[in-house]
Amino acid sequence: MAEEDQDALDGTFEPVSWTRGADDAAESQADLSREMDRINEEYAASGAVETQPRLDYAPYRSSVLRHPTKDLHHADPETIELHAPAFGDRDVHALESDLTVQSGGEPIGERIKIRGRVLDGDGRPVRRQLVEIWQANAAGRYIHKRDQHPAPVDPNFTGVGRCLTGEDGSYEFITVKPGPYPWKNHRNAWRPAHVHFSLFGTDFTQRMITQMYFPGDPLFDLDPIYRSIVDPTARERLVAQYDHEVSEHEWLLGYRWDIVLSGSHRTWTEGDTHV
């Protein structure tokens, strides 16, 4: 990683390299891109259809060691309910879905609205579903002690929100568009801008997590997490669409993104196995 530092003596700019840490990867983006392209070519030639991500997708380096290799352990839902948090309609305030009004001032960044519906595989609305989101701020920084890359923290932006779906399965959040951020999968690795979504069913044993991306991001083809879904059509289901009817005059831009929980057109979720 490098930054430019002005030379006080002659007014020129000299590149200054950051000290590399022990966990910095040496492989280049070109190395990873060639590997991902080869996997895509093999998938296209196979004739198979995979609608979910490969959990052991080698270009996503950490997935090789931490993807599930054993059968899941069955848990007693009633026992879990005795120790898990409880939630209901009264616990979710209407203002929790507006991430721009949760702190002492207005956050910096492009104000946006994300609107959509949560549906089952037959297109029926999933009502009163708890939907939670979390994201980086406009500079690509999370409020988290392990996120220490040199981007500013916004004191007026927590990056978290939640709501309950309506009777038609609808949800809506107002937030700022997150920025891309670096990660240590390989040299000069950057994640596309995205928003994490978490959905609960009727209890905390039914949680599922996914990510929503923004259209036209130039980092899509470079990102091994996004490309761990090897089918291009399935990948596109993670990308929201700009919707001018959701945008508001002189206030914000609007995006629409529906979440399908089951069936062949289901939205990818973290923890899915490939088929």
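**Helix, core and salt bridges**

Mentor: This is a predicted model. Start with α1: its buried residues pack against α4 (232–236).

Trainee: Which residues of α1 are buried?

Mentor: Q29, L32, S33, E35, M36, I39, N40 and Y43 are buried. Seen down the axis of α1, the buried residues fall within an arc of 165 degrees, so they line one face of the helix.

Trainee: And what is exposed on the other side of α1?

Mentor: R34, E41 and A45 are exposed there.

Trainee: How many residues does α1 have, and how far does it reach?

Mentor: α1 has 18 residues and reaches 26 Å from its first C-alpha to its last. That is close to the 26 Å expected at 1.5 Å a residue.

Trainee: What follows α1?

Mentor: G47, with a positive phi near 80 degrees.

Trainee: Now the core. How many residues are in the largest nonpolar one?

Mentor: The largest nonpolar core has 40 residues. Inside it, Y171, F173, F197, M212 and W257 have the most contacts. The elements giving two or more residues to this core are α1 (29–46), β3 (111–119), β4 (130–135), β6 (170–176), β9 (194–199) and β10 (208–213).

Trainee: Which element gives the most?

Mentor: α1, with four residues.

Trainee: You listed M212. What does M212 touch?

Mentor: Leaving out residues up to four places away in sequence, M212 touches I114, A193, H194, V195, F197, L238, A240 and W257.

Trainee: Change of topic. How many salt bridges does the structure hold?

Mentor: The structure holds 17 salt bridges. In one of them the side chains of K113 and E172 meet, at 3.6 Å from N to O. K113 lies in strand β3 and E172 in strand β6, so the pair ties together parts that are 59 residues apart in sequence.

Trainee: Is K113 buried or exposed? And what about E172?

Mentor: K113 is buried, with a relative accessible area of 5%. E172 is partly exposed, at 30%. Salt bridges that share partners join K113, R115, E172 and E248 into one network.

Trainee: What does R111 pair with?

Mentor: R111 meets E106 in a salt bridge, 2.2 Å from N to O. R111 is buried, with a relative accessible area of 17%, while E106 is partly exposed, with 48%.

Trainee: And which residue does R141 bridge to?

Mentor: R141 forms a salt bridge with D147, their closest N and O atoms being 3.8 Å apart. Both R141 and D147 are buried.

Technical notes:
Residues are numbered from 1 along each chain as its sequence is written. This is a predicted model: local features need pLDDT of at least 70, side-chain atom pairs count only at pLDDT 80 or more; totals for chains, interfaces and linings use all residues. Side-chain values use heavy atoms; hydrogens and water are left out. A nonpolar core is a set of buried Ala, Val, Leu, Ile, Met, Phe, Trp, Tyr and Cys residues joined through side-chain atoms within 4.5 Å. Buried means under 20% relative accessible area, exposed over 50%, partly exposed in between (1.4 Å probe, protein chains only). Contact means heavy atoms within 4.5 Å. The expected span of a helix is 1.5 Å times one less than its number of residues. The arc is that of the directions from the helix axis to the C-beta atoms. A salt bridge is a side-chain nitrogen of Lys or Arg within 4 Å of a carboxyl oxygen of Asp or Glu.
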